[in-house]
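Open the model in your viewer and keep the sequence panel beside it. The stops below go from the whole chain down to single residues.

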Amino acid sequence: VNYTDGDIGAVLSKVEEQMYEAFPVGRSGKDFINISRESVIRDSFANAYDKLNIKPDEKLDAVRSRSRKGSYQNRL
């Protein structure tokens, strides 16, 4: 996906990327809270992309997939 400078899609994508970098999904599952595992937050990002009619890049899609495998049950 090619975003232009100042494009809200670029901002959204960068924020989501930073979330996954700051809160990576660990294999142990023992972390107290990991926002990248919260389905409410992931769904909010997905809804924002849908409203903007854009798709996240493939790298971000792969990270999302890994995060879904380590999801918590709804806690928020």
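What share of the contacts in the protein chain with a separation of 6 or more comes from residues 24 or more positions apart? The share is 64%. Keep in mind that this is a predicted model.

**Whole chain**

Show the protein chain as a cartoon. You will find three helices and zero strands, and from the N terminus on the elements run α-α-α. Buried residues account for 29% of the 76 residues.

Now colour by pLDDT. The chain averages 77, and 68% of the residues score at least 70. Among the elements, H2 has the highest mean pLDDT, at 88, while H3 has the lowest, at 76.

**Helix H1**

Select residues 8–22. This is H1, with 15 residues. From first C-alpha to last, H1 reaches 21 Å, close to the 21 Å expected at 1.5 Å a residue.

Display the side chains of Gly9, Leu12, Ser13, Glu16, Glu17, Met19 and Tyr20, which are buried in H1. Why do these residues lie on the same side of H1? They do so because they cover an arc of only 155° around the axis. Turn to the other side of H1 and you will see Ile8, Glu21 and Ala22, which are exposed.

A side-chain oxygen of Asp7 comes to within 3.0 Å of the backbone nitrogen of Gly9.

Next, pick Ala10, also in H1. Ala10 is partly exposed, as its relative accessible area is 25%.

**Glu16**

Stay in H1 and centre on Glu16. Is Glu16 buried or exposed? Glu16 has a relative accessible area of 0%, so it is buried.

Show what surrounds this side chain. Leaving aside neighbours within four places in sequence, Glu16 is in contact with Phe45, Tyr49, Leu60 and Arg64. With Tyr49, the side chain of Glu16 makes a side-chain polar contact at 3.2 Å. Arg64 is 48 residues from Glu16 in sequence, and their C-alpha atoms are 9.5 Å apart in space.

**Helix H2**

Select residues 39–52, which form H2. The end C-alpha atoms of H2 are 20 Å apart, which agrees with the 20 Å that its 14 residues should span at 1.5 Å a residue.

Show Ser39, Arg42, Phe45 and Tyr49, which are buried in H2. These residues are on the same side of H2, because they cover an arc of only 130° around the axis.

**The core**

Which residues make up the largest nonpolar core? Select Leu12, Met19, Tyr20, Phe45, Tyr49, Leu60 and Val63, seven residues in all. H1 gives the most, with three residues.

Two members of this core, Phe45 and Tyr49, were already on screen as contacts of Glu16. Leu60 is another core residue that is in contact with Glu16.

Now centre on Met19, one of the core residues. Not counting residues up to four places away in sequence, Met19 touches Ile35, Ser36, Ile41 and Phe45. Phe45 is itself part of the core.

**Asn53**

For the last stop, select the loop between H2 and H3 and find Asn53 there. What is the phi of Asn53? It is positive, at about 60°, although Asn53 is not a glycine. The residue takes this phi just after H2. Asn53 counts as exposed, because its relative accessibility is 70% and the cut-off for exposed is over 50%.

Note on methods. Residues are numbered from 1 along each chain as its sequence is written. This is a predicted model: local features need pLDDT of at least 70, side-chain atom pairs count only at pLDDT 80 or more; totals for chains, interfaces and linings use all residues. Side-chain values use heavy atoms; hydrogens and water are left out. Helices (H or I, at least four residues) and strands (E, at least two) are DSSP runs, numbered from the N terminus. The expected span of a helix is 1.5 Å times one less than its number of residues. Buried means under 20% relative accessible area, exposed over 50%, partly exposed in between (1.4 Å probe, protein chains only). The arc is that of the directions from the helix axis to the C-beta atoms. A polar contact is a pair of N or O atoms within 3.5 Å; within protein, one must be able to donate a hydrogen and the other to accept it, and residues adjacent in sequence count only if both atoms are side-chain atoms. Contact means heavy atoms within 4.5 Å. A nonpolar core is a set of buried Ala, Val, Leu, Ile, Met, Phe, Trp, Tyr and Cys residues joined through side-chain atoms within 4.5 Å. pLDDT is the predictor's confidence in each residue, from 0 to 100.
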